[in-house]
Amino acid sequence: MNNILTQNDIRHVDYKDVDLLKQFVNAHGRMVSRRRASLTSKQQRAVEAAVKRARFMALLPYIAK
Amino acid sequence: MADDAVVMERETAEDAGVSRVYEAGYHIMPTVKEEDIEKTVARIRGIVEKAGGSFIAEGAPVLMRLSFPIYPSTGGKKNAQDRAYFGWLKFESPVSASEELAESLKKDPEILRSIVFRTVREETRAKMKAPQLREVKRTDTLKSMPRKSEESAPVSEEQIDKAIETLTLD
């Protein structure tokens, strides 16, 4: 699978890695689809959890623009 | 063999006193003086140590800008905070200790926001930098080329008239 996580051998998605998580949200702050991000379902779930934690901790916006 | 391991894991998971790996993230109020941040962190560490936890990793609090203002609920007054000292720590402790820590972080007036969740012992941060993610294939950079200096020789009026004539004839 040709996605950022696999390419860089990232097995755990951390909510503190804001720059990484920004790759998976669009300009409005919404998560991009699994198909668009080319993630496996396991990876998508991990990214989803990380994005939600980052939003709660105000590291990422809930909505932007 | 693998099945035995799974069964063992299930059995231990049922045990309430089992130790698990947790991560706590917290925002310390920006109103706290920089000298007193150490004390706040020591207090958080104290809660974990008291409950029999052991530390795995830690990130020192750093002042950062928040993505949106947070309104702490203190005394009915709304004071929006758009900056905070963000710190985190990873520890191994019994389930009860993590719950205790989550509760005390919530009650602490110096803590703007906190989160405690289960994680893994391994380092979870991605070992890559943002620029590597966005590899932009750039075309050749534009170089400032000196303009060809047009040789501007003095032009007489006759030459101008001739040039105009040729233009008008066409």
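## Where the chains meet

This is a predicted model. In it, 20 residues of chain A are in contact with 26 residues of chain B. Putting the two chains together buries about 2,000 Å², and carbon and sulfur atoms give 64% of that area. On the chain A side, His12(A), Lys16(A) and Met57(A) lose the most area to chain B, together 30% of what that side buries.

Two salt bridges link chain A and chain B. One of them joins the side chains of Glu23(B) and Lys16(A), at 2.5 Å from N to O. Helix H2 (18-21) and helix H4 (41-56) of chain A each give two or more residues to the side that touches chain B, and H4(A) supplies the largest share, three residues. By type, this side of chain A has eleven nonpolar, three polar and six charged residues.

## The largest pocket

The largest pocket has a volume of about 490 Å³. Of the 20 residues that line it, Arg11(A), His12(A), Val13(A), Ala46(A) and Val120(B) lie nearest its centre. H4(A) gives the most to this lining, with six residues. The lining divides into nine nonpolar, five polar and six charged residues.

## The second largest pocket

The second largest pocket holds about 320 Å³ of space. It is lined by 18 residues, with Leu105(B), Lys106(B), Ile111(B), Leu112(B) and Arg113(B) nearest its centre. S4(B) gives the most to this lining, with six residues. Here the lining comprises eleven nonpolar, three polar and four charged residues.

Technical notes
Residues are numbered from 1 along each chain as its sequence is written. Chains are lettered from A and ligands numbered from 1 in the order in which they are written. This is a predicted model: local features need pLDDT of at least 70, side-chain atom pairs count only at pLDDT 80 or more; totals for chains, interfaces and linings use all residues. Side-chain values use heavy atoms; hydrogens and water are left out. Contact means heavy atoms within 4.5 Å. Buried area is the accessible area (1.4 Å probe) that two parts lose on being put together, summed over both. A salt bridge is a side-chain nitrogen of Lys or Arg within 4 Å of a carboxyl oxygen of Asp or Glu. Helices (H or I, at least four residues) and strands (E, at least two) are DSSP runs, numbered from the N terminus. Ala, Val, Leu, Ile, Met, Phe, Trp, Tyr, Cys and Pro count as nonpolar, Asp, Glu, Lys and Arg as charged, and the others, Gly among them, as polar. On a 1 Å grid over the protein atoms alone, a cavity is a set of points where a 1.4 Å probe fits but cannot get out, and a pocket is an open set with protein on both sides within 12 Å along at least five of seven lines; lining residues have an atom within 4 Å of a point. Grid points are joined across faces, edges and corners, and a volume is the space filled by probe spheres set on the points.
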